[in-house]
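The sequence and structure come next.

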Amino acid sequence: MSADTHTTKPPIAQLIDIMTRLRDPNTGCPWDVEQTFETIAPYTIEEAYEVLDAIERGAMDDLCEELGDLLLQVVFHSQMAKEAGLFTIDDVATAINTKMIDRHPHVFGDGETRDSNSQTIAWEEQKAAERAAKREGHTGPDSALDGVANALPALLRAEKLQKRAARVGFDWTRPEQIFAKLDEEVDEVKTAMESGSQADIAEEVGDLLFVVANLARRLSVDPEEALRAANAKFDRRFRAMEVLSSESGDVFADLSLEEQEHLWQAVKRRE
(Lines give C-alpha, C1' and ligand atoms only; values in the text may rest on other atoms or scores of the structure.)
Protein backbone atom coordinates (compact mmCIF):
# COMPACT_ATOMS: atom_id res chain seq x y z
CA MET A 1 0.00 0.00 0.00
CA SER A 2 1.38 3.44 -0.91
CA ALA A 3 2.41 6.07 1.62
CA ASP A 4 -0.82 8.06 1.47
CA THR A 5 -2.87 5.01 2.44
CA HIS A 6 -0.38 3.61 4.96
CA THR A 7 -1.78 1.13 7.45
CA THR A 8 -0.75 3.28 10.42
CA LYS A 9 -3.62 5.63 9.55
CA PRO A 10 -6.95 5.05 11.33
CA PRO A 11 -9.10 2.66 9.26
CA ILE A 12 -11.73 5.31 8.49
CA ALA A 13 -9.05 7.69 7.24
CA GLN A 14 -7.64 4.90 5.08
CA LEU A 15 -11.07 4.28 3.57
CA ILE A 16 -11.51 7.96 2.76
CA ASP A 17 -8.06 8.02 1.14
CA ILE A 18 -8.88 4.93 -0.89
CA MET A 19 -12.10 6.47 -2.20
CA THR A 20 -10.31 9.72 -3.01
CA ARG A 21 -7.80 7.82 -5.13
CA LEU A 22 -10.47 5.72 -6.79
CA ARG A 23 -12.27 8.91 -7.83
CA ASP A 24 -9.15 10.67 -9.12
CA PRO A 25 -10.01 11.62 -12.74
CA ASN A 26 -6.44 11.01 -13.92
CA THR A 27 -5.21 7.98 -11.99
CA GLY A 28 -8.35 6.51 -10.46
CA CYS A 29 -10.62 3.63 -11.48
CA PRO A 30 -12.65 4.51 -14.62
CA TRP A 31 -15.79 2.88 -13.22
CA ASP A 32 -15.62 4.75 -9.90
CA VAL A 33 -14.87 8.05 -11.66
CA GLU A 34 -17.92 7.91 -13.90
CA GLN A 35 -20.40 7.19 -11.09
CA THR A 36 -22.95 9.74 -9.86
CA PHE A 37 -25.30 9.97 -6.87
CA GLU A 38 -28.04 8.50 -9.07
CA THR A 39 -26.00 5.52 -10.32
CA ILE A 40 -24.67 4.66 -6.87
CA ALA A 41 -28.02 4.93 -5.06
CA PRO A 42 -29.23 1.43 -6.06
CA TYR A 43 -26.03 -0.08 -4.64
CA THR A 44 -26.58 1.81 -1.40
CA ILE A 45 -30.06 0.33 -1.06
CA GLU A 46 -28.78 -3.14 -1.94
CA GLU A 47 -26.06 -2.97 0.70
CA ALA A 48 -28.60 -1.97 3.36
CA TYR A 49 -30.68 -5.03 2.53
CA GLU A 50 -27.59 -7.25 2.67
CA VAL A 51 -26.95 -5.94 6.19
CA LEU A 52 -30.50 -6.98 7.11
CA ASP A 53 -30.00 -10.39 5.51
CA ALA A 54 -26.85 -11.03 7.58
CA ILE A 55 -28.69 -10.05 10.77
CA GLU A 56 -31.63 -12.34 10.00
CA ARG A 57 -29.25 -15.23 9.34
CA GLY A 58 -27.38 -14.53 12.56
CA ALA A 59 -24.15 -14.40 10.51
CA MET A 60 -22.04 -11.96 12.50
CA ASP A 61 -18.93 -12.34 10.33
CA ASP A 62 -21.05 -11.53 7.29
CA LEU A 63 -22.63 -8.63 9.19
CA CYS A 64 -19.20 -7.12 9.80
CA GLU A 65 -18.41 -7.37 6.09
CA GLU A 66 -21.78 -6.00 4.99
CA LEU A 67 -21.56 -3.05 7.38
CA GLY A 68 -18.21 -2.27 5.75
CA ASP A 69 -19.84 -2.35 2.33
CA LEU A 70 -22.56 -0.01 3.59
CA LEU A 71 -19.97 2.31 5.12
CA LEU A 72 -18.23 2.43 1.75
CA GLN A 73 -21.45 3.75 0.25
CA VAL A 74 -21.51 6.63 2.75
CA VAL A 75 -17.89 7.45 1.93
CA PHE A 76 -18.61 7.20 -1.81
CA HIS A 77 -21.52 9.65 -1.68
CA SER A 78 -19.57 11.98 0.58
CA GLN A 79 -16.57 12.00 -1.77
CA MET A 80 -18.77 12.88 -4.74
CA ALA A 81 -20.37 15.66 -2.69
CA LYS A 82 -16.94 16.98 -1.70
CA GLU A 83 -15.87 17.08 -5.35
CA ALA A 84 -19.03 19.07 -6.17
CA GLY A 85 -18.42 21.51 -3.30
CA LEU A 86 -21.60 20.42 -1.49
CA PHE A 87 -20.42 18.85 1.77
CA THR A 88 -17.78 16.50 3.19
CA ILE A 89 -17.89 13.34 5.25
CA ASP A 90 -17.04 15.48 8.29
CA ASP A 91 -20.22 17.44 7.60
CA VAL A 92 -22.14 14.17 7.46
CA ALA A 93 -20.74 13.08 10.82
CA THR A 94 -21.32 16.51 12.38
CA ALA A 95 -24.94 16.58 11.21
CA ILE A 96 -25.78 13.18 12.69
CA ASN A 97 -23.89 13.98 15.92
CA THR A 98 -25.92 17.15 16.34
CA LYS A 99 -29.17 15.36 15.54
CA MET A 100 -28.55 12.58 18.08
CA ILE A 101 -27.66 15.05 20.83
CA ASP A 102 -30.69 17.23 20.10
CA ARG A 103 -33.03 14.23 20.08
CA HIS A 104 -31.72 12.86 23.41
CA PRO A 105 -31.86 15.76 25.91
CA HIS A 106 -32.48 13.20 28.67
CA VAL A 107 -29.02 11.76 27.96
CA PHE A 108 -26.94 14.76 26.82
CA GLY A 109 -28.86 17.58 28.50
CA ASP A 110 -31.04 18.23 31.51
CA GLY A 111 -34.18 16.58 30.17
CA GLU A 112 -36.20 14.15 32.28
CA THR A 113 -35.38 10.45 32.17
CA ARG A 114 -37.72 8.64 29.77
CA ASP A 115 -38.93 5.12 29.35
CA SER A 116 -38.93 3.54 25.88
CA ASN A 117 -42.50 4.57 25.05
CA SER A 118 -42.13 8.20 26.11
CA GLN A 119 -38.83 8.38 24.23
CA THR A 120 -40.56 7.18 21.05
CA ILE A 121 -43.20 9.91 21.44
CA ALA A 122 -40.57 12.56 22.10
CA TRP A 123 -38.53 11.34 19.13
CA GLU A 124 -41.49 11.76 16.80
CA GLU A 125 -42.22 15.21 18.22
CA GLN A 126 -38.61 16.25 17.67
CA LYS A 127 -38.64 14.97 14.10
CA ALA A 128 -41.87 16.88 13.46
CA ALA A 129 -40.22 20.05 14.76
CA GLU A 130 -37.20 19.44 12.53
CA ARG A 131 -39.46 18.99 9.50
CA ALA A 132 -41.26 22.21 10.35
CA ALA A 133 -37.94 24.05 10.57
CA LYS A 134 -36.92 22.71 7.17
CA ARG A 135 -40.20 23.94 5.66
CA GLU A 136 -39.59 27.53 6.76
CA GLY A 137 -39.24 29.67 3.67
CA HIS A 138 -40.52 26.94 1.38
CA THR A 139 -43.45 27.69 -0.91
CA GLY A 140 -46.56 25.53 -1.04
CA PRO A 141 -48.85 24.28 1.73
CA ASP A 142 -47.56 22.21 4.64
CA SER A 143 -48.72 18.62 4.96
CA ALA A 144 -48.76 15.98 7.68
CA LEU A 145 -47.19 13.71 5.05
CA ASP A 146 -44.12 15.90 4.51
CA GLY A 147 -40.84 14.04 4.91
CA VAL A 148 -42.01 10.54 3.97
CA ALA A 149 -39.42 9.62 1.36
CA ASN A 150 -40.71 8.65 -2.09
CA ALA A 151 -37.90 6.12 -2.54
CA LEU A 152 -38.93 3.91 0.40
CA PRO A 153 -40.12 0.38 -0.43
CA ALA A 154 -43.79 0.74 -1.34
CA LEU A 155 -45.13 -1.32 1.55
CA LEU A 156 -43.01 0.53 4.10
CA ARG A 157 -44.00 3.90 2.63
CA ALA A 158 -47.69 2.92 2.80
CA GLU A 159 -47.32 2.21 6.52
CA LYS A 160 -45.52 5.52 7.16
CA LEU A 161 -48.09 7.52 5.19
CA GLN A 162 -50.88 5.90 7.17
CA LYS A 163 -49.16 6.61 10.49
CA ARG A 164 -48.76 10.26 9.55
CA ALA A 165 -52.41 10.52 8.55
CA ALA A 166 -53.45 8.83 11.80
CA ARG A 167 -51.66 11.51 13.84
CA VAL A 168 -54.13 14.10 12.57
CA GLY A 169 -57.16 11.84 13.07
CA PHE A 170 -57.55 10.33 9.59
CA ASP A 171 -57.67 6.69 10.60
CA TRP A 172 -60.01 3.80 11.24
CA THR A 173 -60.48 3.04 14.91
CA ARG A 174 -61.40 -0.65 14.66
CA PRO A 175 -60.09 -3.57 12.56
CA GLU A 176 -63.68 -4.39 11.58
CA GLN A 177 -63.84 -1.16 9.57
CA ILE A 178 -60.76 -2.19 7.65
CA PHE A 179 -62.17 -5.63 6.88
CA ALA A 180 -65.19 -3.94 5.32
CA LYS A 181 -62.84 -1.82 3.20
CA LEU A 182 -60.93 -4.96 2.20
CA ASP A 183 -64.14 -6.55 0.94
CA GLU A 184 -64.89 -3.38 -1.01
CA GLU A 185 -61.44 -3.35 -2.61
CA VAL A 186 -61.65 -7.04 -3.55
CA ASP A 187 -64.94 -6.33 -5.31
CA GLU A 188 -63.33 -3.43 -7.16
CA VAL A 189 -60.49 -5.67 -8.33
CA LYS A 190 -63.09 -8.10 -9.70
CA THR A 191 -64.91 -5.27 -11.47
CA ALA A 192 -61.64 -4.08 -13.00
CA MET A 193 -60.90 -7.60 -14.21
CA GLU A 194 -64.29 -7.69 -15.92
CA SER A 195 -63.50 -4.41 -17.67
CA GLY A 196 -60.33 -5.90 -19.12
CA SER A 197 -58.39 -2.69 -18.43
CA GLN A 198 -54.92 -3.56 -17.17
CA ALA A 199 -54.45 -0.02 -15.89
CA ASP A 200 -57.64 -0.29 -13.81
CA ILE A 201 -56.62 -3.72 -12.51
CA ALA A 202 -53.21 -2.43 -11.43
CA GLU A 203 -54.79 0.56 -9.69
CA GLU A 204 -57.30 -1.56 -7.78
CA VAL A 205 -54.69 -4.14 -6.76
CA GLY A 206 -52.61 -1.24 -5.43
CA ASP A 207 -55.58 -0.01 -3.41
CA LEU A 208 -56.07 -3.51 -2.03
CA LEU A 209 -52.44 -3.76 -0.95
CA PHE A 210 -52.66 -0.33 0.68
CA VAL A 211 -55.62 -1.45 2.79
CA VAL A 212 -53.82 -4.68 3.76
CA ALA A 213 -50.91 -2.56 4.98
CA ASN A 214 -53.37 -0.52 7.03
CA LEU A 215 -54.84 -3.66 8.58
CA ALA A 216 -51.35 -4.84 9.53
CA ARG A 217 -50.61 -1.49 11.17
CA ARG A 218 -53.89 -1.54 13.10
CA LEU A 219 -53.03 -5.05 14.36
CA SER A 220 -49.54 -3.88 15.40
CA VAL A 221 -47.89 -6.00 12.72
CA ASP A 222 -44.99 -4.65 10.67
CA PRO A 223 -46.28 -5.29 7.11
CA GLU A 224 -42.80 -5.31 5.57
CA GLU A 225 -41.54 -7.82 8.13
CA ALA A 226 -44.71 -9.92 7.85
CA LEU A 227 -44.32 -10.17 4.07
CA ARG A 228 -40.62 -10.98 4.42
CA ALA A 229 -41.56 -13.83 6.76
CA ALA A 230 -44.22 -15.04 4.31
CA ASN A 231 -41.66 -14.93 1.49
CA ALA A 232 -39.23 -16.97 3.57
CA LYS A 233 -41.94 -19.50 4.40
CA PHE A 234 -42.92 -19.89 0.76
CA ASP A 235 -39.27 -20.25 -0.25
CA ARG A 236 -38.72 -22.94 2.40
CA ARG A 237 -41.85 -24.91 1.52
CA PHE A 238 -41.36 -24.69 -2.24
CA ARG A 239 -37.81 -26.00 -1.99
CA ALA A 240 -39.07 -28.83 0.22
CA MET A 241 -41.68 -29.69 -2.43
CA GLU A 242 -38.93 -29.93 -5.06
CA VAL A 243 -36.95 -32.25 -2.81
CA LEU A 244 -39.96 -34.51 -2.24
CA SER A 245 -40.61 -34.61 -5.96
CA SER A 246 -37.00 -35.53 -6.69
CA GLU A 247 -36.99 -38.23 -4.01
CA SER A 248 -40.00 -39.79 -5.74
CA GLY A 249 -38.21 -39.75 -9.09
CA ASP A 250 -40.46 -37.07 -10.53
CA VAL A 251 -39.67 -33.80 -12.29
CA PHE A 252 -41.53 -31.16 -10.34
CA ALA A 253 -42.36 -29.05 -13.40
CA ASP A 254 -43.97 -32.08 -15.05
CA LEU A 255 -46.43 -32.65 -12.20
CA SER A 256 -50.01 -31.47 -12.47
CA LEU A 257 -51.17 -28.62 -10.26
CA GLU A 258 -53.16 -31.14 -8.21
CA GLU A 259 -50.03 -33.26 -7.65
CA GLN A 260 -48.01 -30.19 -6.73
CA GLU A 261 -50.71 -29.13 -4.27
CA HIS A 262 -50.51 -32.60 -2.70
CA LEU A 263 -46.80 -32.07 -2.14
CA TRP A 264 -47.48 -28.62 -0.69
CA GLN A 265 -49.86 -30.06 1.88
CA ALA A 266 -47.38 -32.81 2.71
CA VAL A 267 -44.70 -30.24 3.39
CA LYS A 268 -47.06 -28.21 5.59
CA ARG A 269 -47.90 -31.31 7.65
CA ARG A 270 -44.21 -31.98 8.24
CA GLU A 271 -43.52 -28.51 9.65
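## Salt bridges

The count comes to 14 salt bridges in this predicted model. One of them joins the side chains of R23 and E83, at 2.5 Å from N to O. This pair links distant parts of the chain: R23 sits in the loop between α1 and α2, E83 in helix α4, 60 residues apart. R23 counts as buried, at 10% relative accessibility. E83 is partly exposed, at 40%.

Side chains of opposite charge can pair when their charged atoms come close. Which residue forms a salt bridge with R228? The partner is E56, with the closest N and O atoms 2.6 Å apart. R228 lies in helix α11 and E56 in helix α3, so the pair ties together parts that are 172 residues apart in sequence. R228 is partly exposed, at 25% relative accessibility. E56 is also partly exposed, with a relative accessible area of 42%.

E271 and R236 form another salt bridge, their closest N and O atoms being 3.0 Å apart. E271 belongs to the segment after α12 (257-270) and R236 to helix α11, so parts 35 residues apart in sequence are tied together. E271 is partly exposed, at 47% relative accessible area. R236 is partly exposed, at 43%.

| Pair | N to O distance |
|---|---|
| R23 and E83 | 2.5 Å |
| R228 and E56 | 2.6 Å |
| E271 and R236 | 3.0 Å |

There is also a network: salt bridges link D53, R57 and D62.

## The chain as a whole

The chain has 12 helices and zero strands. From the N terminus on, every element is therefore an α in the order α-α-α-α-α-α-α-α-α-α-α-α. Of its 271 residues, 22% count as buried. The accessible surface comes to about 18400 Å². Carbon and sulfur atoms hold 57% of that surface. Among contacts with a separation of 6 or more, 46% are between residues 24 or more positions apart.

## Helix α4 and its surroundings

Helix α4 covers residues 60-83, 24 residues in total. From its first C-alpha to its last, α4 reaches 35 Å, close to the 34 Å expected at 1.5 Å a residue. Its buried residues include L63, E66, V75, F76 and M80. Against which elements do the buried residues of α4 pack? They pack against α1 (11-22), α2 (30-34), α3 (37-57) and α5 (89-103).

Q73 is found in α4. Q73 counts as buried because its relative accessible area is 7%, and the cut-off is under 20%. Leaving out residues up to four places away in sequence, Q73 touches I40, Y43, T44 and E47.

I12 lies in helix α1. I12 is partly exposed, with a relative accessible area of 45%.

After α4 comes G85, whose phi is positive, near 75°. Next is helix α5. At its start, a side-chain oxygen of T88 reaches to within 3.3 Å of the backbone nitrogen of D90. The 15 residues of α5 should span 21 Å at 1.5 Å a residue, and its end C-alpha atoms are 21 Å apart, which agrees.

R167 lies in helix α8 (residues 154-167). R167 is partly exposed, at 45% relative accessibility.

Most residues other than glycine have a negative phi. S220 has a positive phi of about 60° although it is not a glycine. Its place is in the loop between α10 (198-218) and α11. Is S220 buried or exposed? S220 counts as exposed because its relative accessibility is 69%, and the cut-off is over 50%.

At 1% relative accessibility, S245 counts as buried. Its contacts, leaving aside neighbours within four places in sequence, are D250, V251, F252, L255 and L263.

Technical notes:
Residues numbered from 1 in each chain as written. Predicted model: local features only at pLDDT ≥ 70, side-chain atom pairs only at ≥ 80, totals over all residues. Heavy atoms only, no water. Helix = DSSP H or I, 4+ residues; strand = E, 2+ residues; numbered from the N terminus. Buried < 20%, exposed > 50% of the residue type's maximum accessible area, 1.4 Å probe, protein only. Contact = heavy atoms within 4.5 Å. Areas by Shrake-Rupley, 256 points an atom, 1.4 Å probe, with all protein chains shown as cover. Expected span 1.5 Å × (residues − 1). Polar contact = N/O pair within 3.5 Å; in protein donor to acceptor, adjacent residues only side chain to side chain. Salt bridge = Lys/Arg side-chain N within 4 Å of Asp/Glu carboxyl O.
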